[in-house]
Every structure is written in C-alpha cells, then in structure tokens.
Amino acid sequence: MQALRLWTVRHAGAVDASYRALQRVLDALRPLVRRIGFERVERPVAALERIVKGALFDCRMCGACVLSATGMACPMNCPKSMRNGPCGGVRSDGGCEVLPHMRCVWIEARRGASRMHARALPAQPNPPLEHQHAGRSSWLRVLRQHPWPPALVTEAPVHDEPVCGSRLEFLLRNRHFVVTSECSPPDSADATDVLTRTHHYAGWVDALNVTDAPGAHCHMSSLGVSLILQRAGFEPVMQMTCRDRNRIAIQGDILAAAALGIRHLLCLTGDGIANGDDPGAKPVFDLDAVSLLDTARRLRDDGLYRSGRRLTARPHLLLGAVENPFAPPYEERPLRLARKVAAGARFAQTQFCFDVPMLERYMAAVRAEGLHRRCAIIVGVGPLVSARGARWMREQVPGVHVPESLVARLERAIDPVAEGTRICVETIQHIRAIDGVAGVHLMAPKREHLIGPIVEASGVLAGRPAPVKPRGGASCPLLA
C-alpha cells in the first residue's frame, strides 16, 4: 500500500490531470445523479471511492479531500492528522516523529506538489475536518455542490493597537530584544510546588511559557499553572496543544484563560501520544496548530466560535506559534511560518538553536517574505552541560539538531557545565546580531539556576527596560 502511495506522489502531475478530467465527468453526470437521488447512490459510490482512493492514497474517507492542495499525499496518513504540516518533530532523515520507519507525509506532499501545475504547496492554510462527513463520498459532495469546509482566513489583520496590553506585547511592539523562558508544571496538586524554582527567573525574563503536557506526559494543567504564575507577578504564556482536546474543549479553555486574565496563548499541535508514559491514551488532534491559531483569532477578532455562534465578550490575547528551522523539509519552514502568521500568530518561538548558520539561512528566507515585520521571531536557546547529554538530545529528541562540532567542544572541555554555559552565551550574542530576530527563549530544565548568569553574561538586557521582579518564592500569596 505504501509503495503505491509513493508511486502516486511521484506521478502527482498525471494524477492531478486525471482528477481534473474526473471533475468534468462529474459535472456531466450531475443531472442524472440528481434524478436518481444522491442518497440512493451514496453507499455504492462511497464504496467505489474507498477502493480507488484507498489503493492510490491510503485514503481515510475524511469527507473533505485536500489532495490537490497536498501534492497527492493524503495528510490523514500523518499520525497527528496534520492538515497544515510538517510538524517540528521531523527526523533528520525525513522520518516521522511518531512512526520513525515512515517518511513524513509532508515531505512527500512537497515532492508531489513540485510535479503539479503550481509547482509548490499553496500558501493558503487548509481548514480542519468536519467529522460528520467522515466515511461519506467526496465525489458526491462535489456532485451535490455541497459547501466545502470554509477556508481559513487568508491573512489575519495586523492590529495597529495592542490586542492584550501586556508588558511582553509592549516590548515586542517597541522592538526591544526580549527574553522568555519556560516553566514546567509539576506532578503535584500543591500550588507552592509551581513556585519552588521561580526565583531563578525573577528579574531576568520577560515572560514564562507554561508547557501543556510536554512529551505527552501528564502534569498540572497549563491553565492552572499560568494562573498561579500570574498571581505571583509573572507574565505567563499559556501553551495549548491539540493532542488532548477537541475544538469544543479548546475554545472553552481559551475563553476561561482570557476571563482569568491570561493574555498570551502559544498554539501547538503537540507531541505524539507514543512519546509519553501512557501510550494507551487516545490522541485527539481535532485541530492542528494552524487551525488552532485561526480558531483563537476568530474568537478574539470576530467574536465567533468555529460554529459561527457569537460571543457576548471577546478574549484579549496575543497569539503565538512555535517553529523549527532545524528540521526537514528546511525549504518549507518559512511557508509553514507564513501559514501561522496568516492564521493570527504575532510571535513565534523556535526549537533549540545550536547551529547559528542554519538559523541565518532561515531568517534570510523569513526576511525575504517580510514575515519578521508581521511576527516577532523568538529563538530557542539553552545550555548543554555534557557531550553525552548533547548526543542524547540529538538522537532521542526529534527535531533537535546538535552539530558534531559542538559535541566535540563539550567533550574537550575540562568543565563541561561552564563550557556549555559559555556556548549558550555566545549563541545568544550571535543570534542578537541577526536582522529580524526579536528575542531568545531560554530553556534550561532542571538547570534554572543558570538562567540569570547566562542572561547577565550575554548582555541582552542592556539599554532596554529591565524585566519586572515578581514577588517570587514559595511563600508568595497565590489565589487571593
């Protein structure tokens, strides 16, 4: 089956021409089928479609086919059901993050698109599925002239006025180089456990990301931890993944977060369930990161749920995305960012940068498209404290690229921790000099004590407003 699917991608141009011919045949058959009755022919046509498209594309009969927009590579073969890929976990050999033996569907999509009339994947984001049509014939949907899922917004408006009024938004709008970091939720039901190590961030970072079940491991919720941090005086960036919720739950959580005063939302598709310690859980992936951004933007700008129902009060949120310039297909990464910007992202945080020349090539493509003027690029950095740890990250964390020269430098070091810290400082200083970079996102899990020294040594806070020093500490008042 996979061999035939790959053959179809290699011959995407011919298959696309065949589909255009089929469209003309369907148009001619429409009056006849209308007389017979669409419902009467639904079952046999769906069965025929399942056989033909199942053989050619490993079709899942989603009822809203987008093969013409994905190079004849069905995105439903992606284990994350990403209709706007690729994700940031593509392996260096092009393998899928979740199923390493399988080539990334979106790498195949790019190959197929290069053989079609447009020669490239379209910039227009694909809409999410409408699950009530699953199992039904897409051919008959064309015959019926039934409305297709509405396209995502062509280009989200750039707001002249602040959308949330936060300090992070002020710094980004005024072109100050920002420093953000990450706070991992605890395995606890005690709010003081959230604040145990937050004194390491106080006075050094402008905002704290709160991860949402990272690595598909359950922890205290991102919404809960964000609220605790906010009450302690930090500016939280609440992460939200699509892995564990459908669009109804997602929209409810967005509204609740905004009502509680959370003002930054970072939208991710999420890691595969198999990466975590509870692989028996059911993955949802009702939306992907692009359609999640579009959903949040509609709530904020249009005051509408995805269903079209109206809100009485809109959320005030600065929307963010994640990107990975260091994972293949490298040429598609700026297009992926462009889709997220079109859907509403106004800042983007990247995966760890350990290869500055690779980042420079990515940023050149970003600048060529003018994306840096519509979205603040915040580059991920962090200290590697041993050659063994660097190799483990390179081999075990999909989407992370660690050059061999960096591993060798750590291996030669008398004090690997000091050397790793020095490398991180140098990386930040080089990144700051790249045109279009708006800041760094400093990740140091279980090494939070290094954050202050790294930020101080890098000098990135000179000449700009100093980060606020929250009350901090485990004794800080919480839910007043």
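This is a predicted model: local features need pLDDT of at least 70, side-chain atom pairs count only at pLDDT 80 or more; totals for chains, interfaces and linings use all residues.
A salt bridge is a side-chain nitrogen of Lys or Arg within 4 Å of a carboxyl oxygen of Asp or Glu. Residues are numbered from 1 along each chain as its sequence is written, and side-chain values use heavy atoms, with hydrogens and water left out.

**Salt bridges**

- Side chains of opposite charge can pair when their charged atoms come close.
- The structure holds 35 salt bridges.
- Glu 323 lies in strand β5 and Arg 336 in helix α10, 13 residues apart, so the pair links distant parts of the chain. Helices (H or I, at least four residues) and strands (E, at least two) are DSSP runs, numbered from the N terminus.
- Both Glu 323 and Arg 336 are buried. Buried means under 20% relative accessible area, exposed means over 50%, and partly exposed lies in between (1.4 Å probe, protein chains only).
- One network, joined by salt bridges that share partners, takes in Asp 294, Arg 297, Arg 298, Arg 300, Asp 301, Asp 302 and Arg 306.
- Arg 167 and Asp 206 meet through their side chains in a salt bridge, at 3.1 Å from N to O. This pair also links distant parts of the chain: Arg 167 sits in helix α6 (residues 167–173), and Asp 206 in the loop between β1 (178–183) and β2 (207–210), 39 residues apart.
- Arg 167 is partly exposed, at 21% relative accessibility. Asp 206 is buried, at 5%.

- Helix α4 spans residues 105–113 and is mostly covered. Seven of its nine residues are buried.
- The buried residues of α4 are Val 105, Trp 106, Ile 107, Glu 108, Ala 109, Gly 112 and Ala 113.
- Arg 110 counts as partly exposed, at 32% relative accessibility.
- The side chain of Arg 110 meets that of Glu 332 in a salt bridge of 2.8 Å, N to O. Arg 110 is in helix α4, while Glu 332 is in the loop between β5 (318–323) and α10 (333–343), 222 residues apart.
- Glu 332 is buried, with a relative accessible area of 10%.

**Packing of α12 and α13**

- Two packed helices are described by the angle between their axes and the distance between the axes.
- Helix α12 (residues 387–396) packs with helix α13 (residues 404–412) at an angle of about 155 degrees, and their axes are 8 Å apart.
- That makes α12 roughly antiparallel to α13. Angles over 145 degrees count as roughly antiparallel, under 35 as roughly parallel, 65 to 115 as roughly perpendicular, and the rest as oblique.
- From α12, Ala 387, Ala 390, Arg 391 and Arg 394 meet Glu 404, Val 407, Leu 410 and Glu 411 of α13. Contact means heavy atoms within 4.5 Å.

**Cysteines**

- A search of the whole structure finds zero disulfides. A disulfide is a pair of cysteine sulfur atoms within 2.5 Å.
- For Cys 96, the nearest cysteine sulfur is that of Cys 78, 6.1 Å away. Cys 96 is buried, with a relative accessible area of 8%.
- For Cys 267, the nearest cysteine sulfur is that of Cys 242, 7.5 Å away. Cys 267 is buried, at 0% relative accessibility.

Methods. Axes are lines fitted to C-alpha atoms, for helices over the stretch in contact, and angles run from 0 to 180 degrees between N-to-C directions.
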